[in-house]
Amino acid sequence: MTLRCAVLDDYQGAALALADWSVLDDEVDVRVLREHVTDRDVLAAALADCEIVVIMRERTPFDADLLRRLPRLRLLVTTGMRNASVDLAAAAAQGVTVCGTASSPTPPVELTWALLLGLARHITTESRSLREGGPWQSTVGQDLADRTLGLLGLGRIGTRVARVATAFGMRVLAWSQHLTAARAAEAGAQLAGSKEDLLNRSDFVSLHLVLSDRTRGLLGEPELRVMRPHAHLINTSRAGLVDRTALLRALREGWIAGAGLDVFDTEPLPADDPLRTLPNVLATPHLGYVSERNYRTFYTQAVEDIAAFLAGDPLRQLTAG
């Protein structure tokens, strides 16, 4: 019997082009959903006949309710080896195997620097002015050399961001709850005395933390008010790390100079969201992990996961706890 597989949220239509799905032709019928489906009833109906679903990161949450509505589902493949939007316990209880793929840390590092540089040198403003026949030079950019970059989180992404900062001649401060001075020094950073100390001393602040109950709302109004008025905030990690209401006030009232944002509480970002139009926001549509090499890894290993599952020996299996 041919199994049915749906690949969700393939915005760019890249899934089938970046992996060899033909190895599954005899056993699996693959279809791609290009548009994000927000309506849970519509999504459940679209997947009702599927034994296999491939999801992109945390774009489409698979909670217990949705899983219950998909009784035919046997295999759920997520890109990356961690997906907080999948209820692994509920999947196990329903007999659904969940597998992941490798994911490179370098694309979000590179996008972090694209946003930071774009803000520092007013790239969007100057490029638009050039294209539209506006003023020839209207802004004065910020230097990076001898400025301070504050990193909240110094894991495998934050560490790489720190290395780039030293190449620019920047000082690097780092802080997270369990970070030690020795570990910070290994990455070329100095351990800040506290979160507030880092925020107060940094010209640029970049977030590289996992979203959890402990880190949700890590930056609220008190923290944003501690930042320097000329400082920029960069978030390519998770929107929930920053209190949205406080961030909007900070940007509108000038507590900080601006923000580079790649992650949002609601994605896709609603058309009327003020973050789309604030002049001191440089925003991208969650592109942190979106690169050709990363996508090739995602989908190639998704095919491997499906083939291994059909052979009775699942690869890269994710389990609760």
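How closely do the axes of helix H4 and helix H6 come, and at what angle do they cross? In this predicted model, local features need pLDDT of at least 70 and side-chain atom pairs count only at pLDDT 80 or more, whereas totals for chains, interfaces and linings use all residues. Residues are numbered from 1 along each chain as its sequence is written, and side-chain values use heavy atoms, with hydrogens and water left out.

The axes of H4 (residues 106–120) and H6 (residues 156–167) come within 9 Å and cross at roughly 45°. Helices here are DSSP runs of H or I with at least four residues, strands are runs of E with at least two, and both are numbered from the N terminus; axes are lines fitted to C-alpha atoms, for helices over the stretch in contact, and angles run from 0 to 180 degrees between N-to-C directions. H4 and H6 are therefore oblique to each other, a class that remains once angles under 35 degrees are called roughly parallel, those over 145 roughly antiparallel and those from 65 to 115 roughly perpendicular. On the H4 side, the contact (heavy atoms within 4.5 Å) is made by Thr-106, Pro-108, Val-109, Thr-112 and Trp-113, and on the H6 side by Ile-157, Arg-160, Val-161, Val-164 and Ala-165.

Seven strands form an open sheet in the order S8-S7-S6-S9-S10-S11-S12, with parallel pairing, where two strands pair if DSSP finds at least two bridges between them. Strand S8 (190–191) and strand S12 (281–283) stand at its edges with a single partner strand each, so one side of each has no neighbour in the sheet. H6 packs on this sheet by touching strand S6 (148–152) and strand S7 (171–175), and its direction makes about 175° with that of S6. Five bridges join S6 to S7, and Thr-148 stands opposite Arg-171 in S7. Because four of the five residues of S7 are buried (under 20% relative accessible area, with exposed meaning over 50% and partly exposed in between, for a 1.4 Å probe and protein chains only), S7 is largely enclosed by the rest of the structure. Elsewhere in the sheet, four bridges join strand S10 (residues 232–235) to strand S11 (residues 258–261), and Ile-234 stands opposite Gly-260 in S11.

A further open sheet has five strands in the order S2-S1-S3-S4-S5, again with parallel pairing. Its edge strands are S2 (28–32) and S5 (97–99), each of which pairs on one side only, and its neighbouring strands are turned by 15° against each other on average, direction ignored. Three bridges join S4 (residues 75–78) to S5, and the bridge partner of Leu-75 in S5 is Thr-97. Helix H11 (residues 292–310) lies across S1 (3–7), S2, S3 (52–55), S4 and S5, running at about 160° to S4.

Asp-305 is found in H11, and at 0% relative accessibility this residue counts as buried. Not counting residues up to four places away in sequence, Asp-305 touches Leu-75, Val-77, Cys-99, Gly-100, Thr-101, Leu-315 and Arg-316.
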